[in-house]
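Here are my notes for your first look at this model. Keep the structure open while you read, and find each residue as it comes up.

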Amino acid sequence: ERGASAPAVPQSRVLLCGWLTKRGSGFPHTWRRRYFVMSSVPAAAHLKLVKVAYFETEADAEHPDRCKGEAAVREVLQTKLERNGLLFDLLSGSELTADVVSAAGLSSRRGSVKQARSEMLARADTREDQARWLGALSVADAVAVPGTDAEDAVESNERNSLPDVRI
């Protein structure tokens with residue numbers, strides 16, 4: 001159609017990227033080394049989500065269509081189940097409305113935020129890398145998730161710039 005514009009792509013800000021080894025969801029569990037990118041994504045008016053996406057290679061991260069999986073992150077926790085273990089506490093599909101998912105640019109394909117899983121287990125190569133991932137959400141200052149008091153804090157934090165951190 002003439003005059004039709006392409007849908008707006010949300011402007012995301014990379015908080016952290018680097019290699020982690022991720023546990024697969026099938027059984028028996030397999031471990032695969034993946035390149036992770038954590039970013040802050042505007043999801044709706046005065047609301048930001050933190051999204052984690054993973055890729056087979058670092059070069060693939062430049063091509064969103066090569067994403068192996070992505071999800072909205074509530075928090076990143078330390079776990080002792082694995083050496084340098086990380087537990088990504090994910091927002092489930094029931095916590096995200098369709099308009100927020102669409103505005104944040106999260107896909108509905110395999111491995112995405114719409115699936116029911118609520119956590120993802122990974123491990124960092126070193127303790128230092130683990131600490132960076134554990135602190136990545138604090139770099140985002142106030143990250144608002146739907147239905148929380150943090151939504152109110154986002155407006156005042158919109159002026160804060162987030163540094164790009166690469167490991």
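**Notes on a predicted model**

1. Start at phenylalanine 88. Leaving out residues up to four places away in sequence, Phe88 touches Leu20, Met38, Val52, Val73, Glu75, Val76, Ser118, Glu119, Met120, Ala122 and Trp133. Bear in mind that this is a predicted model.

2. Now place Phe88 in its surroundings. The largest nonpolar core holds 20 residues. Phe88 is among those with the most contacts inside this core, along with Leu20, Met38, Val73 and Trp133. Which elements each supply at least two residues of this core? They are strands S1 (13-23), S2 (31-44), S3 (47-55), S4 (69-79), S5 (85-90) and S6 (119-123), together with helix H2 (127-139). As a general rule, nonpolar side chains in soluble globular proteins tend to be buried together.

3. Look next at the aromatic rings. The whole structure has five aromatic pairs. One of them joins Phe36 and Phe88. Their ring centres are 5.9 Å apart and their planes meet at 15 degrees, so this pair counts as stacked. Phe36 sits in strand S2 and Phe88 in strand S5, so the pair links distant parts of the chain, 52 residues apart. Both phenylalanines are buried.

4. Phe36 has another partner. With Trp133 it forms an edge-to-face pair, 6.2 Å from centre to centre and with 80 degrees between the planes. Phe36 belongs to strand S2 and Trp133 to helix H2, so this pair ties together parts that are 97 residues apart in sequence. Are these two residues buried or exposed? Phe36 has 0% relative accessibility, so it counts as buried. Trp133 is buried too, with a relative accessible area of 0%. Ring pairs link Phe36, Tyr54, Phe88 and Trp133 into a cluster.

5. Stay with helix H2, but move to glutamine 130. Gln130 is in this helix. Its relative accessibility is 6%, and therefore it counts as buried. The cut-off for buried is under 20%. What does the side chain of Gln130 reach? It comes to 2.9 Å from the backbone oxygen of Gly85. Setting aside neighbours within four places in sequence, Gln130 is in contact with Gln78, Asn84, Gly85, Leu86 and Ala124.

6. Check the cysteines. The structure holds zero disulfides. Cys17 has 5% relative accessibility and so counts as buried. Cys67 is also buried, with a relative accessible area of 7%.

7. The protein chain has an average pLDDT of 74, and 59% of the residues score at least 70. Where is confidence highest, and where is it lowest? Strand S1 is highest, at 95, while helix H3 (residues 150-157) is lowest, with a mean of 38. Residues 1-9 stay under 50, and the model gives them zero contacts beyond four places in sequence. Residues 108-116 are also below 50, yet this stretch has 25 contacts in the model beyond near neighbours in sequence. Where pLDDT is low, the predicted coordinates should not be read in detail.

Methods
Residues numbered from 1 in each chain as written. Heavy atoms only, no water. Core = buried A, V, L, I, M, F, W, Y, C linked by side-chain atoms within 4.5 Å. Buried < 20%, exposed > 50% of the residue type's maximum accessible area, 1.4 Å probe, protein only. Helix = DSSP H or I, 4+ residues; strand = E, 2+ residues; numbered from the N terminus. Contact = heavy atoms within 4.5 Å. Polar contact = N/O pair within 3.5 Å; in protein donor to acceptor, adjacent residues only side chain to side chain. Disulfide = S-S within 2.5 Å. pLDDT = per-residue confidence, 0-100. Phe/Tyr/Trp six-rings, centres within 6.5 Å; stacked < 30°, edge-to-face > 60°.
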